[in-house]
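Morning, everyone. Please have the sequence and the model open before we start.

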Amino acid sequence: MNHDGDDNGTEQFGRDFAARLAELEESASAEELAAIAALPSGSALLIVRRGPTVGARFLLDSNVTIAGRHPDAEIFLDDVTVSRRHAEIVRAVGAFTIRDLDSLNGTYLDGERVSDGNLVDGSEVQIGKYRMTFFASRHDLPAGG
């Protein structure tokens, strides 16, 4: 019998979050970990995990950040699988969201095509051939996580 009661839900969530965070940090290089640790409150980092520029890091410290193939995009992703203005990342009071800008190939969040969605620490964002991991400032993570 499968029991999905609320008794241990918070405790389980805390363990799952801690395990996922540890796994993310194990997959990051020492240089990436230093960059993540140095993020000021209210900012975040996208690190390219797959695609033509593996290892590239994009600082998210503006209220709106455009990702696309246009050379003026703050996150310049130079591949035909990426629309010129593909997606935007919006920062509002310590939270980040991503919104597809009617791109041809779509924007994916944790493997699902989305028109918009909330970014949380460890989210995987896919834009065209690029797969990136979202890292929130360590100052903004829940206490005890």
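Which backbone oxygen does the side chain of Ser43 reach? Find Ser43 on your screen. Its side chain reaches the backbone oxygen of Pro40, at 2.6 Å. We call that a polar contact: a pair of N or O atoms within 3.5 Å, where, within protein, one must be able to donate a hydrogen and the other to accept it, and where residues adjacent in sequence count only if both atoms are side-chain atoms.

Some ground rules. This is a predicted model, in which local features need pLDDT of at least 70, side-chain atom pairs count only at pLDDT 80 or more, and totals for chains, interfaces and linings use all residues. Residues are numbered from 1 along each chain as its sequence is written, and side-chain values use heavy atoms, with hydrogens and water left out.

Now confidence. pLDDT is the predictor's confidence in each residue, from 0 to 100. For the protein chain the mean is 85. A share of 79% of its residues reach 70 or more. Residues 1-11 are another matter: pLDDT stays under 50 there. That stretch has zero contacts beyond four places in sequence, a contact being heavy atoms within 4.5 Å. Where pLDDT is low, the predicted coordinates should not be read in detail.

Back to Ser43. It is found in the loop between α2 and β1. Helices (H or I, at least four residues) and strands (E, at least two) are DSSP runs, numbered from the N terminus. Is Ser43 buried or exposed? Buried, with a relative accessible area of 3%. The scale: buried is under 20% relative accessible area, exposed is over 50%, and partly exposed lies in between, using a 1.4 Å probe and protein chains only. Which residues does Ser43 touch, leaving out those up to four places away in sequence? Leu59, Leu60, Asp61, Phe96, Ala136, Ser137 and Asp140.

Next, the six-stranded sheet. It is open, and its order is β2-β1-β11-β10-β7-β8. The pairing is antiparallel. Two strands pair if DSSP finds at least two bridges between them. β2 (57-60) and β8 (112-114) stand at the edges with a single partner strand each, so one side of each has no neighbour in the sheet. From one strand to the next, the twist averages 30 degrees.

Helix α2, residues 30-37, lies across β1, β2 and β11. Its direction is at about 155 degrees to β1. For such angles, axes are lines fitted to C-alpha atoms, for helices over the stretch in contact, and values run from 0 to 180 degrees between N-to-C directions.

β1 and β2 pair in the antiparallel sense over four bridges. Leu45 stands opposite Leu59 in β2. Their hairpin has six residues between the strands, and Gly51 there takes a positive phi near 130 degrees. Which residues make the covered face of β2? Phe58 and Leu60. Arg57 and Leu59 are on the uncovered face.

Thr107 faces Val114 of β8. Asp110 sits in the loop between β7 and β8. Its phi is positive, near 50 degrees. At 44% relative accessibility, Asp110 counts as partly exposed.

Now the other open sheet. It has five strands, in the order β4-β3-β5-β6-β9. Here the pairing is mixed. β4 (75-76) and β9 are the edge strands, each with a single partner, so one side of each is left without a neighbour in the sheet.

Work across it. β3, residues 64-68, pairs with β5 in the antiparallel sense over four bridges. Val64 has Val90 in β5 as its bridge partner. β5 and β6 pair antiparallel over six bridges. They form a hairpin with two residues between them, and Val93 in the turn has a positive phi of about 45 degrees. β6 and β9 pair antiparallel over four bridges. Phe96 stands opposite Leu119 in β9.

In a regular strand the side chains alternate between the two faces of the sheet. In β6, Phe96, Ile98 and Asp100 are on the covered face, while Ala95, Thr97 and Arg99 are on the uncovered one.

Last stop: Asp102, in the loop between β6 and β7. Its phi is near 55 degrees, a positive value in a residue other than glycine. Asp102 counts as exposed, at 76% relative accessibility.
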